[in-house]
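Subject: Structure handover

Hello,

Here is the structure for you to look over. My notes come after it.

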Amino acid sequence: QLTDFIHFTTNFHPALKYTWTISYISLPFLGRTISIAGDRLLTDIHYKHTDSHGYLDTQGSSHPASCKDSIPYSQFLRLHRICTQDEVFHTRASEMTSFFREWGSPSSTINEAFTRVSSIPRNSALSPHLRTRNKDKVTLVFTFHPTSRHIQQII
């Protein structure tokens, strides 16, 4: 019956494409692989075979350096939160390091981001961080352009 239902949903509309897996051991779900080990659920990162690992091109982008430099940190932090086992996290972080290098991220930025994330205990990484906001501060939002830095000096 399950297979019939899956075929029904797969053929429901020609614009909708579904992939599915039936397993007693592990399942890909929302970018994670969830597996059973004894009485525990373990999670790992899951990449679809179509994933190009396309991050921001750090060489040709006009984005501010702070934006470009934050991508490895945020992706390593995401990975740290997803992987329940430290050894799996380190293996996946090594893979992710090669993805960043392929996109031209500087090794120093990648290594610094990995070091920062590795120093955070996983329980802390999973806890929400509340930020206090300055209510007297006025935020100005506009489209970024390399010459926009001059506006900051004027304001």
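Predicted model: local features only at pLDDT ≥ 70, side-chain atom pairs only at ≥ 80, totals over all residues.

Residues are numbered from 1 along each chain as its sequence is written, and side-chain values use heavy atoms, with hydrogens and water left out.

Aromatic rings

The whole structure holds 5 aromatic pairs (Phe, Tyr or six-membered Trp rings with centres within 6.5 Å; planes under 30 degrees apart are stacked, over 60 edge-to-face, the rest tilted). F8 and F12 make an edge-to-face pair, 5.8 Å centre to centre with 65° between the planes. F12 is exposed, at 58% relative accessibility (buried is under 20%, exposed over 50%, partly exposed in between, with a 1.4 Å probe and protein chains only).

F76 and F114 are edge-to-face too, because their planes are at 70°, with centres 5.7 Å apart. This pair links distant parts of the chain: F76 sits in helix α2 (residues 65-82) and F114 in helix α4 (residues 107-118), 38 residues apart (helices are DSSP runs of H or I, at least four residues, numbered from the N terminus). F76 is buried at 0%. F114 is partly exposed at 24%. F76, F89, F100 and F114 form one aromatic cluster.

Pocket

The largest pocket holds about 370 Å³ of space (a pocket is an open set of points on a 1 Å grid over the protein atoms alone, where a 1.4 Å probe fits, with protein on both sides within 12 Å along at least five of seven lines; lining residues have an atom within 4 Å of a point). The volume is the space filled by probe spheres set on the points. Its lining includes W20, F29, H46 and K48.

Best wishes

Methods: Helix = DSSP H or I, 4+ residues; strand = E, 2+ residues; numbered from the N terminus.
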